[in-house]
Amino acid sequence: MSNSIEDDSFSKPVGRWSVYCYGVGHMLNDITSACWFTYLLLFLTEIGLSSRDAAIVMLSGQIADGLATICFGELIDRFGHFKIWHGAGSILVAVSFSSVFGGCLPCKVFSSFTSMVETVSYSTFAAVFNIGWAATQVSHMSMVSCITLNSTSRVVLASCRNAFTMVANLSLYGIAFIIFEVIKAKTPTDIENQYRWIAYLSIFIGCCFVVIFHLGTNEPSSKTGIHGNIVARISWTYWFLKILYYQVALVYTLTRLALNVSQAYLAFYVIDDLRMVQSSAKALVPAIIYISSFTVSLLLQEIAWNEKRLKAYYTAGGILWIFCGIAIVLLPQSMSLFVYAISIFIGIANALVTVTAVSMQNILIGQDLNGCAFVCGSLSFLDKMSCGLTLFVLQSYHSSSPMVAGNIASGHISITRYGLGLVPAFCSLVGIAVTWTMELRYPLYKPLVETLLE
């Protein structure tokens with residue numbers, strides 16, 4: 001009798017308040033990540049670092065993040081305590097992030113402003129920041145599968161998290177727009193002040209939501225099975241023998257690669273290729289993307305999910321990205337205003353592929369809760385390493401790439417158009433093909449008792 005009650009409580013839909021409290025738990029990571037991918041390369045090149053040195057800083061952070069996700073995934077599977085790892089990672093993020101955009105502290109201490117010292121300094125702070133980021137990400141992502149077995153609720157939790165990711169991004173771009181308007185950058189010191197204030201305000205907003213998450217979310221248990229019995233930690237080889245693991249890993253990695261690389265080159269594209277004003281490049285165009293993505297994420301929470309719908313919605317998002325990628329490559333400077341319309345469709349595509357890719361990850365985990373952190377960590381490792389290496393390669397050629405300036409007929413395509421257009425389009429095409437080879441067999445329970453939208 002007690003077992004059946006526990007099974008029902010674990011498989012029943014998650015309440016609205018619990019969904020919201022979980023969804024805001026990644027806000028600090030999301031707002032700092034948006035700043036990292038949107039502004040890091042731009043910031044470093046604006047203060048005088050070469051494109052290659054800026055790429056080294058980005059790569060060092062991505063490598064540290066990727067390695068840390070594997071370690072934290074193993075530790076969380078062994079010892080549990082999701083909220084402790086989440087809290088510790090959040091503290092490390094809050095303490096270290098301002099140093100990433102706060103200027104070269106060792107340069108001031110040692111009175112040496114050489115490119116090598118600057119690169120080493122920024123790379124060190126980037127690595128520390130990403131280690132804390134990884135602890136928060138892995139613990140938060142793996143909690144979904146341990147909160148409930150209800151597959152629809154798992155998609156809703158992922159969708160709510162994605163919606164608040166959009167809130168975090170919009171908050172960042174709102175802050176950035178105000179800062180760029182108030183503080184005019186005439187010297188490298190002014191540029192450092194701009195990004196320092198963006199970092200401080202982002203950390204403050206993110207920490208407020210971290211507090212809400214910890215107060216409103218109960219610590220789930222990965223050590224107890226659905227019948228209340230203690231189960232052993234699942235070996236890595238268990239996942240490596242599953243074909244679905246490789247399929248989900250590939251789709252998830254391609255999805256994150258498309259989102260992160262496009263985000264990193266969006267500002268460069270609008271400034272260098274379309275020659276639009278700085279405020280549009282640094283804040284307005286990214287904000288449009290995340291407004292549309294936020295809206296779609298909210299609507300996705302109202303859907304009762306099954307295998308066909310997951311595949312169909314991922315395919316729809318991927319096709320949208322393919323068309324957007326082609327439009328980005330071909331868009332001339334004289335028609336630059338069309339980038340606003342393209343941004344709307346990019347936001348829709350991002351929401352569709354992100355929510356469904358994360359949901360596929362949760363279906364892979366299923367009821368194997370004592371391996372959920374390893375799955376999240378290993379997939380994140382692939383995501384971080386592939387993104388870091390891709391950005392390093394693209395950025396290494398960025399300074400020598402021809403400036404398009406709207407003349408597509410010349411036959412030259414800038415690196416920014418490759419990064420923002422062709423890379424996401426290719427990733428989406430391969431992701432769609434892999435998605436339709438999956439067998440996403442997982443029992444769907446009842447949908448949410450009450451909808452998340454009035």
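**Before you start**

The model is predicted, so local features need pLDDT of at least 70 and side-chain atom pairs count only at pLDDT 80 or more, while totals for chains, interfaces and linings use all residues. Residues are numbered from 1 along each chain as its sequence is written, and side-chain values use heavy atoms, with hydrogens and water left out.

**Stop 1: Ala 34**

Select Ala 34, which sits in helix α3 (residues 27–46); helices here are DSSP runs of H or I with at least four residues, numbered from the N terminus. Is Ala 34 buried or exposed? Its relative accessible area is 1%, so Ala 34 is buried (buried means under 20% relative accessible area, exposed over 50%, partly exposed in between, with a 1.4 Å probe and protein chains only). Now show its contacts, meaning heavy atoms within 4.5 Å. Setting aside neighbours within four places in sequence, Ala 34 touches Tyr 39, Asn 169, Leu 172, Tyr 173 and Gln 263.

**Stop 2: the aromatic rings**

Next, colour Phe, Tyr and Trp. Rings (the six-membered one for Trp) pair if their centres lie within 6.5 Å; planes under 30 degrees apart count as stacked, over 60 as edge-to-face and the rest as tilted. That rule gives 20 aromatic pairs. Zoom in on Phe 101 and Tyr 195, a stacked pair at 5.9 Å centre to centre and 20° between the planes. Phe 101 lies in the loop between α5 (82–100) and α6 (105–110), whereas Tyr 195 belongs to helix α9 (residues 188–216), so this pair links parts of the chain 94 residues apart. Both Phe 101 and Tyr 195 are buried.

**Stop 3: the cavities**

On a 1 Å grid over the protein atoms alone, a cavity is a set of points where a 1.4 Å probe fits but cannot get out; a pocket is an open set with protein on both sides within 12 Å along at least five of seven lines, and lining residues have an atom within 4 Å of a point. Grid points are joined across faces, edges and corners, and a volume is the space filled by probe spheres set on the points. There are four cavities of 30 Å³ or more.

The largest cavity holds about 420 Å³. Centre your view on Thr 165, Met 166, Arg 256, Leu 259 and Asn 260, which of its 30 lining residues lie nearest its centre. Where does the largest cavity lie? Domain 1 (16–219) and domain 2 (235–398 + 414–442) both contribute to the lining, so the cavity lies between them; these bounds come from an automatic or database domain assignment.

The second largest cavity, at about 50 Å³, is lined by Ser 33, Trp 36, Phe 37, Gln 62, Asp 65, Phe 129, Asn 130, Trp 133 and Lys 384.

**Stop 4: a pocket to finish**

Finally, select Ile 47, Cys 104, Lys 108, Phe 113, Glu 118, Tyr 122, Pro 188, Thr 189 and Glu 192, the lining of the second largest pocket. Its volume is about 150 Å³, and α9 gives the most to the lining, with three residues.

Definitions and conventions: Helices (H or I, at least four residues) and strands (E, at least two) are DSSP runs, numbered from the N terminus.
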